[in-house]
Structures are given as C-alpha cells and as structure tokens.
Amino acid sequence: MTTEYEIRELCERFFDAYENKRADILDELYSDDCIVWHNVFGKDTTREDNLAAMRVDKGQRRRTYNDRVINVFHDGFVIQYSLNGVMHDGHVGPALWICIVGKVRAGKITRIDEYMDSSKFPAWSGRDRK
Amino acid sequence: MKATTVNRKLCNDFFDAIERNDLDAVADCYAPDMTMWVNLTGTEMPREENLKVLHDGAALHRRRTYDDRRINAFDDGFVVQYTTTVVALDGTKVALSSCLVADTRDGKITKLYEYMDSGKFRRRRA
C-alpha cells in the first residue's frame, strides 16, 4: 500500500517531470497499464501515446505547473494548478486552469483524468493573434 | 463517522438536491461563507448568487441529472468526477464530463471549484 505522503510526493514528481520534459522519469512513474483521459477529447489514451506526445515539440519554450493545490485520498490524488507557457516567439498568455485526478497503485500512477477549458488555448498559445 | 464518510455523503446529498431542484437542501449543504469558482470565468461566485443561478437555470431545461459519479473524499473535502446529463425543453439530451473539487468544514461545503470544457457547449450549438 502506498501511504498518503508517498502519493503526494508521486504527484509532485509527476509534475516536475512534465515541467523538465523528463519522459524517462514519467516512464518510471506510470504503471504498465496506465491510461490518460482528457475531457477535451473524451477518450482514453495509452501510456505509450502519452509519452510519445510529450516528446513532440508543441511550440512552447517552457511550461511550468504553478499554484499546485494537492489533496490526497487513499488510492490517488487530485491536483488543481495553473499551467503557464512561454512560446518559442516569446508570447506569454494567460494561464490555463487545470484539474487532474490521478489513481495510484503500488507507487505507480495507473490513471490520469484531466479537466480543462479548451476555449482558453488560443490566448494561451498566442494563436488568437495570428 | 469518519470525515471521509461524512464528505462522501455530503457530495451525494448535494448532487441529489440539485437534481430534485430542492434549493433549500442545496443551501443546507453550504456554509454561510461558501463561494464557488468556475474555470470558465476564473471568478468567485458568492453563495446567494450561486443559489440564484441554480434556481434560474432549472427553468431552462426539463431535467438535469448528475450521473457516473466517481467520488473520492479526504478529511476536509472531496473530488467528484461526473457526467451532467441535461434534457432540454425540446427533449434533446446532452452530456458533459466535469470535475468538482470541494473544501468542507463541519459537514458543510465552504468552497467549490468546477472544471469543464466550454468547447463542448459551442460544438453542441454549432
């Protein structure tokens, strides 16, 4: 069984890995059968899909996961945070407000459910200026 | 009763009350200083305004249910992932996946944070 302290630390490591683009660490944190679901697309994606997507340049110079508010329950966590991005052209838009619910088993993340508002993407990425 | 059990029941009582359009029961779930924040606007709504929105919103559709509730409770709150199913006045049905995080104190909700995708509204209207 994973303790609540360990779950909280796992959550922080997960976001630090994303911030530092460390797919190798994410690979360690995900269980073999990990599923990632996004409310914007409404479908499950596999761990391999998620890791492959992370390696693709999405147009940002830097992404930071700020204002992290974490609550832990017996087999998972919920984290509310702000995603700030600096685009390659230097554009900094308003932060995206996102919530993730993570499920944990034996110290690994088995499921991620992500909730955000897709209407904020254009301003965040600067696409609304083009 | 364990705090997590109390919070899980509070979550279900809250959604059941909205489904029944029982605003007295909804108000009973809220602390006097309760506020609600929604990711669509990034602003906080006070308790009375939230109750008015629920009251006015009920007239805009035939039925609203909160389905597929996945509740995880902690000592001072809960998170619930759910599908809001709305049957409009013309009988059409739409569903929206959302997530709500609640802070609680003494068996009452003190703060709600709601996360959803407004892109889903636009696609339905298109």
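Helix α3(A) supplies the largest share of the lining of the second largest pocket, namely four residues. Helices here are DSSP runs of H or I with at least four residues, strands are runs of E with at least two, and both are numbered from the N terminus. Everything that follows comes from a predicted model, in which local features need pLDDT of at least 70 and side-chain atom pairs count only at pLDDT 80 or more, while totals for chains, interfaces and linings use all residues. Residues are numbered from 1 along each chain as its sequence is written, chains are lettered from A and ligands numbered from 1 in the order in which they are written, and side-chain values rest on heavy atoms, with hydrogens and water left out.

Back to that pocket. Its volume is about 660 Å³, and 29 residues line the pocket, with A:His38, A:Lys58, A:Arg63, A:Glu114 and A:Met116 lying nearest its centre. At least two lining residues come from each of α1 (4-19), β1 (30-38), α3 (47-54), β3 (60-73), β4 (76-87), β5 (96-105), β6 (108-115) and α4 (121-125) of chain A. Sorted by class, the lining has 19 nonpolar, five polar and five charged residues. (Ala, Val, Leu, Ile, Met, Phe, Trp, Tyr, Cys and Pro count as nonpolar, Asp, Glu, Lys and Arg as charged, and the others, Gly among them, as polar.)

On a 1 Å grid over the protein atoms alone, a cavity is a set of points where a 1.4 Å probe fits but cannot get out, whereas a pocket is an open set with protein on both sides within 12 Å along at least five of seven lines; lining residues have an atom within 4 Å of a point. Grid points are joined across faces, edges and corners, and a volume is the space filled by probe spheres set on the points. The structure has one cavity of 30 Å³ or more, and the largest cavity holds about 40 Å³ of space. Its lining consists of A:Ala95, A:Leu96, A:Trp97, A:Met116, A:Asp117, A:Lys120 and B:Asn39. Four of these residues are nonpolar, one is polar and two are charged.

Over in chain B, helix α1(B) has 17 residues and reaches 24 Å from its first C-alpha to its last, close to the 24 Å expected at 1.5 Å a residue. (The expected span is 1.5 Å times one less than the number of residues.) Its buried residues are B:Asn7, B:Leu10, B:Cys11, B:Phe14, B:Phe15, B:Ala17 and B:Ile18, buried being under 20% relative accessible area, exposed over 50% and partly exposed in between (1.4 Å probe, protein chains only). They cover an arc of only 160° around the axis, which puts them on the same side of α1(B); the arc is that of the directions from the helix axis to the C-beta atoms. After α1(B) comes B:Asn21, with a positive phi near 60°.

A few single residues round out the picture. A:Phe73 sits in strand β3 of chain A and counts as buried at 1% relative accessibility. Leaving aside neighbours within four places in sequence, the contacts of A:Phe73 include B:Asn72, B:Ala73, B:Phe74 and B:Val79, contact meaning heavy atoms within 4.5 Å. B:Asn72, for its part, is found in strand β3 of chain B and is buried at 8% relative accessibility. A:Ile98, in strand β5 of chain A, is buried with a relative accessible area of 0%. Beyond four places in sequence, its contacts include A:Glu114, A:Met116 and B:Tyr115.

Strand β3 of chain B also holds B:Asp68, which counts as exposed at 54% relative accessibility. Phi of B:Asp68 is positive, near 55°, in a residue other than glycine.
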